Amino acid sequence: MTWSEYDPRYDLPTYISSPRTYLIATTQRTGSHFLAHLLGASGVIGVPFEYLNGYRSLLELERRGEHSSERTQLALLEEMKSRRTGRSGWFGIKAHWHTWSAVLAQPLLAAQVQPEVMIHLTRQNRVAQAASLVLAEQTGWWVDESQSTSAEPNYSAERIRQALAKIDGETDAWRRYLAGQPCLMLTYEAVRSDPHAAVSAVFAALGVDDPDRSNIGFPSPKPREDNIVEQWAERFSRTLDAEVPIPRDGGPD
């Protein structure tokens with residue numbers, strides 16, 4: 001079964017009031033899914049999955065036998081607010097720039113979001129991020145192994161270059177959009193090295209007391225157990241190093 005953010009296993013107790021919304025502004029392969037699970041597992045500040053992703057909402061509507069339209073997409077978003085708002089009254093969403101820019105072009109949908117708190121999640125090792133993106137595109141392993149294919153991954157420096165350009169473009173777009181706004185900055189590396197501190201930072205940004213961290217039973221995403229991303233990133237970095245011209249006299253011109 002393909003993973004879905006609409007899986008009822010991630011539901012929280014029904015919330016009947018109007019929630020406050022926070023947005024995790026990010027790009028692909030930054031560990032945003034891992035962070036979303038960490039935050040959702042507390043049951044306090046919502047489950048910040050990709051509810052604005054048009055393709056994913058289309059799949060859910062098709063599964064229900066409904067046509068995708070502005071009306072049905074808005075209704076699905078409202079439903080998720082009731083199912084995924086934490087007991088603090090916070091509802092979370094994560095979005096990549098291409099998703100968020102599409103939302104901004106739809107006034108009715110944008111009006112249903114209106115985030116009060118922004119969290120910008122990036123990855124310091126951009127080469128590893130790009131390698132991870134290429135690997136996911138080749139194998140279908142985006143969230144966990146249930147989505148993977150039998151495709152054999154093949155290293156491609158050109159595809160990693162293209163992925164880097166895409167990541168840099170979307171990251172720059174987020175930075176321009178977020179400029180001047182209060183924003184919590186997190187990195188993939190910080191979340192992975194100290195998940196407890198990352199979650200505490202989000203709770204603080206939302207003005208919510210840090211919970212006792214009792215996991216409410218969320219399924220945990222299964223990470224890859226190989227080191228293909230690291231191998232590809234190292235190989236690509238060596239390529240970059242080889243391309244840097246070395247002055248003949250050993251110093252600057």
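Reply: In helix H3, the buried residues are Thr-72, Leu-74, Leu-76, Leu-77, Met-80, Lys-81, Arg-83 and Arg-84. Buried means under 20% relative accessible area and exposed over 50%, with partly exposed in between, for a 1.4 Å probe and protein chains only. Helices (H or I, at least four residues) and strands (E, at least two) are DSSP runs, numbered from the N terminus. The model is predicted, and therefore local features need pLDDT of at least 70 and side-chain atom pairs count only at pLDDT 80 or more, while totals for chains, interfaces and linings use all residues. Residues are numbered from 1 along each chain as its sequence is written, and side-chain values use heavy atoms, with hydrogens and water left out.

Helix H3 covers residues 70-84, and its 15 residues should span 21 Å at 1.5 Å a residue; the end C-alpha atoms are 21 Å apart, which agrees. The expected span is 1.5 Å times one less than the number of residues. An α-helix has 3.6 residues a turn, so residues three or four places apart point the same way. The buried residues of H3 pack against helix H2 (54-63), strand E2 (90-96) and helix H5 (107-111), where contact means heavy atoms within 4.5 Å.

E2 is largely enclosed by the rest of the structure, because 7 of its 7 residues are buried. Trp-90, Gly-92, Lys-94 and His-96 point one way from the strand, whereas Phe-91, Ile-93 and Ala-95 point the other way. The sheet to which E2 belongs is open and consists of 4 strands in the order E2-E1-E3-E4, with parallel pairing. Two strands pair if DSSP finds at least two bridges between them. E2 and strand E4 (183-187) are the edge strands, each pairing on one side only. On average, neighbouring strands are turned by 20° against each other, direction ignored. Such angles run from 0 to 180 degrees between N-to-C directions, the axes being lines fitted to C-alpha atoms, for helices over the stretch in contact.

The partner of E2 in the sheet is strand E1 (residues 20-26); the two run parallel and are joined by 7 bridges.

Although Ile-45 and Gly-92 are 47 residues apart in sequence, their C-alpha atoms are 7.1 Å apart in space.

The Asn-53 side chain reaches the backbone nitrogen of Tyr-55 at 3.0 Å. The criterion for a polar contact is a pair of N or O atoms within 3.5 Å; within protein, one must be able to donate a hydrogen and the other to accept it, and residues adjacent in sequence count only if both atoms are side-chain atoms.

Most residues other than glycine have a negative phi. Arg-29, in the loop between E1 and H1, has a positive phi of about 70° without being a glycine. Gln-114, in the loop between H5 and E3, likewise has a positive phi, of about 45°. With a relative accessibility of 54%, Gln-114 counts as exposed.

For the chain as a whole, there are 10 helices and 4 strands, which follow the pattern β-α-α-α-β-α-α-β-α-α-β-α-α-α along the sequence. Of its 253 residues, 47% count as buried. Among contacts with a separation of 6 or more, 81% join residues 24 or more positions apart.
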